[in-house]
Each structure stands twice: as C-alpha cells, then as structure tokens.
Amino acid sequence: MSLFIPKFDQTVIVRDAEAEVVGRTPTAVKLLADSSATGGALSTQRVTLTAGADGARPHWHDNSAEMFFVLDGAAELLSGEDVVIAERGDLVIVPPGRPHAFAAVPGTDADLLIVITPGVERFEYFRHLQRVALGEVTPESLLEVQELYDNHFLRSEPWERRNRRGA
C-alpha cells in the first residue's frame, strides 16, 4: 500500500454563495473543491436531484474511490452488482475499479455530498455534462474524455433492471 500525501498549504474554504452550480432541475451539481485546490487530496461536489432523477449512469474510476453522503432524501446507488438505498445520514464508499451509479429514489428528492479521493480534476467534466445537456456537444463526446477524467462508462444489468422496475 502506498501513502499519498497531498501538496497544499492553505486552508480551503468554499462559501456556499460563491460555489459554481452546473445543471438545473432535475439534476444540479454544486462544484465545491477540485483536485487542484486540495493538492490532489480530493475533489468534491454537492448533487441535488429531484424525485427519481438520475445522477450518474454506470461507470467506474480506475484510480479513485468515491464517497456518497446523503444529506437529505434518499438515493439508489449501484455498487458492483448491488443496488442499495441510502437515506439521510447514510454513507456509501465505492472502491476504485468498482462499477457504480446513483439516482434519487422515485418519489423522493436526494441531496448528496460526493467526494472522490485521491482527487481528479472534475469540474470541467461537469461543465462538459452541462454542454451535453444543452445540446452544444454530443453525448458520444463523453467517450473521448473518459481517460482524462478517469470516468469509464459501462452497461450494468442490475442498474437497468432497477430502471425497468421503477418505470
């Protein structure tokens, strides 16, 4: 096991009113701290989903773990082959290489704090997602930046079954 020591020497303070928000209802992402601000220690954002909204389709990260803390509401989370429900106050940590996805539980909003560690520059990834949503770039353009953002997409039968169940 190797020890990663982040390289930064200033306290990181992100004021709520100053944080950039990308997206809008049903999925809004508040960009809190990127890897460059934390010396590579972590990247973090707050994701707010309206009832049943998708947060992220199935994917994995080769080099980072991802933590989901449910601030309010309830979320469905894919972790490997399992789909779990996490409610207010619950914490789920997905190890590197493990497929995962998340969405608000149908009929319930979800407010999530998400932390990726070690950090990856992710803010531009979320801006790219917004450009996809606005039709400025194609959804296929995400395939071109998978390596850059360590965000690799895949199909997940357990996640698809969950979507059919909720339809």
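Predicted model: local features only at pLDDT ≥ 70, side-chain atom pairs only at ≥ 80, totals over all residues.
Q: Which strands does S2 pair with, and in which sense?
A: Start with the general idea. In a regular strand the side chains alternate between the two faces of the sheet. Now the case here. Strand S2 covers residues 27-33 and pairs with strand S1, residues 20-24, in the antiparallel sense. Five bridges hold that pairing in the model. S2 also runs antiparallel to strand S3, residues 43-49. Six bridges join S2 to S3.

Q: What joins S1 to S2, and through how many residues?
A: A hairpin makes the link, through two residues.

Q: Which residue in S2 stands opposite Arg24?
A: Thr27 does. On the S3 side, Leu31 stands opposite Gln45.

Q: How many of the seven residues of S2 are buried?
A: Five are, so S2 is largely enclosed by the rest of the structure. The cut-off behind that reading is a relative accessible area under 20%.

Q: Which residues make the nonpolar surface patch?
A: Phe8, Val12 and Val14 make the patch, which spans about 220 Å². Take Val14 as the example. Val14 lies in the segment before S1.

Q: What is the relative accessible area of Val14?
A: The value is 37%, so Val14 counts as partly exposed. That class lies between the 20% limit for buried and the 50% limit for exposed.

Q: Which residues of helix H1 are buried?
A: Again, the general idea leads. An α-helix has 3.6 residues a turn, so residues three or four places apart point the same way. In this model H1 covers residues 123-133. Its buried residues are Phe123, Tyr125, Phe126, His128 and Val132.

Q: What covers the buried residues of H1?
A: The cover includes strands S1, S2 and S3. Helix H2 (146-149) and strand S10 (152-153) also belong to the cover.

Q: How many aromatic pairs does the structure hold?
A: Three. Tyr125 and Phe126 form an edge-to-face pair, because their ring centres are 5.5 Å apart and their planes stand at 70°. Planes over 60 degrees apart take that label.

Q: Are Tyr125 and Phe126 buried or exposed?
A: Tyr125 is buried, at 6% relative accessibility. Phe126 is buried too, with a relative accessible area of 9%.

Q: What pair do Tyr125 and Tyr149 form?
A: Their aromatic pair is tilted, with 5.6 Å from centre to centre and 55° between the planes. It links distant parts of the chain: Tyr125 in H1 and Tyr149 in H2 are 24 residues apart. Tyr149 is buried, with a relative accessible area of 8%.

Q: Which residues do the ring pairs link into a cluster?
A: Tyr125, Phe126 and Tyr149.

Definitions and conventions
Residues numbered from 1 in each chain as written. Heavy atoms only, no water. Pairing = 2+ DSSP bridges. Helix = DSSP H or I, 4+ residues; strand = E, 2+ residues; numbered from the N terminus. Buried < 20%, exposed > 50% of the residue type's maximum accessible area, 1.4 Å probe, protein only. Patch = residues over 30% accessible without salt bridge, like charges linked within 9 Å, V, L, I, M, F, W, Y side chains within 5 Å. Areas by Shrake-Rupley, 256 points an atom, 1.4 Å probe, with all protein chains shown as cover. Salt bridge = Lys/Arg side-chain N within 4 Å of Asp/Glu carboxyl O. Contact = heavy atoms within 4.5 Å. Phe/Tyr/Trp six-rings, centres within 6.5 Å; stacked < 30°, edge-to-face > 60°.
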